Amino acid sequence: MDELLQALVQGFFVGSAYGLLALGMGLVYGVSGIVNFAHGDFVSLGMYLCFALFTAFALDPYVSVIFTVPIMIALGALVYRFLIKPIAGRQLLMVIQLTLGVALLIQNGLMMVFGGQPTRAPSMIESKLFLVGDVVIRGAHLVACIVSFALAILLYVMLQSTDTGRAIRAVQQEPRAAALMGVDVGRVQVMTFAIGVGVLAIAAALLLPGLPIQPTQGLRFTVITLLVFVLGGMTNFVAIMLGGIVIGVAEAIGTIYMTHTLGQLLPYLIFVAIMLFRPQGLVWRS
Amino acid sequence: MRPDFWPALRSPFPWIILAFAATMPFLLPNYYLHILTITLVYAALASAWNIVGGIAGQISLAHSLFVGAGAMLASALLVKLGVNMWLGMVIAAAASAAMGAAVSFIDYRFRLGHLSFALITMAFAEMAEIYVTNTEFLGGASGLFLPKDKGDILAFQFGGISGVYWIMLAMTTLCVVVNFAILSSPLGYNLRSIRDNENAAQAIGVGLLRNKTLAMTISAVLTSIVGTIYARYLAFVDPYLLVSPVLTIEIVLFATVGGLGTALGPAVGAFLLAPLGEILRGHLGGFLPGLHYFVYGLVVVGVIMLMPAGVWPSIRARIARKSVQEARAS
């Protein structure tokens, strides 16, 4: 029972960070219809930026977010404006290929700069543990959970009640009508992609404490993000956060209760099942 | 068969090129022959993928499943049960065909869109890697070592690099010819109509399940056989190389760079990129690991931006334009 509770709590916390990863993807997909296969490599890049700031100035990953977020936002804007935009609207495969190309560039750029050995960027709260009842809560997980939900709510409020948010939703619903109403669709698309990548800088810092990083990890994050993204019906914010938690809990429970292989396979099995039998995601779209 | 298939076979050029390629083991030192062999492996894989990904437009990311079956299953049958590798190759190809047909059936039954199909096949590829690296019979995470190559053809041994080179040359040629044959046959027209508009294709009577399954099965069998030969050549069968989703990504990149949906494009792409990658890795991999993939990334992004149809169609269009201009000038 304690084990189960522990797994649930840990899965919930880690899953909320997964949800945050997928929010960026959902935002971009809704506005531009693009699935970014370099998503996980942008997370990787965010982590290595934190690592570089740590080795150079001994900055805590949580503090270095002040610098990494603007860098990643600028990078996201540039990638969208100069690489994705010229070919957006062509065949889906072309865009997937292009983002795979970008993934190769980031992954191996990191490999060339930082080498292939796993490294870590420690944080001051990494070793902090809280005991609630019999459940051990790691400080980093708690921070990840709180920040993820805060950011998700912030994004939601931004989308609902600012002009920028309304423009984004308008483009999501009907780009042509939005353009006729005076929304600069191109600008909104660049902006959402930049925001989507900027959010990853934060998610990277949240996932970083205690995690050994290496340049080749990007694809793993991309796959986790895709799982959550599909589980959440691709654009529904609430469902995406929920999907993150489902995957997080499935991972935690799988590693405790099942054989090693099955535990690792569980998230993918859930993914395939959802994809086939409920392609609209876990929650009906309102 | 479209009428230009047979004349193309009768034309002397492909045969001259093939005969020239066959003399390579006598001309090249082993290092370059190795690069050429690897290139042929990738050219064959990219051509086989093209049947599904290019001609039929189904973005399958599950081809590492078929390479893996060909390599791991055939090797495991030999090492663990002593099954002759020729038989192992056939069993693995049959297993790949079954998996390919199953994937096609799921695609048909649930009417997956392009994106869903790509995502599901990617999930299958990830699951395959996890499964193989955790299964003792298939070599687990540490892989399998094949017995030494003594040149016994009956035991699937080709006597070192020259033999493998020749068998791969034949296999790559087969893959390209199959592409060419499909493009000039009714199947090719059906697949292309499915690629361009599935609903319209179905409305005019193109059987989705039949055509998709046929394309996927042919592609899976070819891929699996190449996997078995590749495994024999490598002698150490590493699941993190042969069942890795990264392998599929490489195949897809080569095919796209060369030109999707054309008979020769994917092979051209492999001949452009694979030697480049091998040479960069050989000469600079020591102090700059990752450089060759970085260059792949640059080439892929560049080609997609500048020649979205791929290198081979662009070259062909340019030649055609020039010959028209020359005809006008004369």
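Residues are numbered from 1 along each chain as its sequence is written, while chains are lettered from A and ligands numbered from 1 in the order in which they are written. In this predicted model, local features need pLDDT of at least 70 and side-chain atom pairs count only at pLDDT 80 or more, totals for chains, interfaces and linings use all residues, and side-chain values use heavy atoms, with hydrogens and water left out.

**View 1. Where chain A meets chain B.**
Here, 39 residues of chain A are in contact with 40 residues of chain B (contact means heavy atoms within 4.5 Å). Together the two chains bury about 3,600 Å², and 86% of that is on carbon and sulfur atoms; buried area is the accessible area (1.4 Å probe) that two parts lose on being put together, summed over both. Look for polar contacts and you'll get a count of two residue pairs between the chains, both at pLDDT 80 or more. A polar contact is a pair of N or O atoms within 3.5 Å; within protein, one must be able to donate a hydrogen and the other to accept it, and residues adjacent in sequence count only if both atoms are side-chain atoms.

Four helices, H3 (61-87), H4 (92-114), H9 (218-231) and H11 (260-277) of chain A, each supply at least two residues to the side that touches chain B. H4(A) gives the most, with 15 residues. Helices here are DSSP runs (H or I, at least four residues) and strands are too (E, at least two), numbered from the N terminus.

**View 2. Asn36(A), tucked into a loop.**
Asn36(A) sits in the loop between helix H1 (2-32) and helix H2 (39-57) of chain A. Asn36(A) is buried, with a relative accessible area of 5%; buried means under 20%, exposed over 50%, partly exposed in between (1.4 Å probe, protein chains only). The side chain of Asn36(A) reaches the backbone nitrogen of Ala38(A) at 2.8 Å. Leaving aside neighbours within four places in sequence, its contacts include Met25(A), Thr99(A) and Phe193(A). Ile96(A) is 60 residues away along the chain, yet the C-alpha atoms of Asn36(A) and Ile96(A) are separated by 6.8 Å.

**View 3. Chain B by itself.**
Chain B has 16 helices and two strands. Its C-alpha trace spans about 65 × 50 × 40 Å along the principal axes. Of its 330 residues, 55% count as buried.
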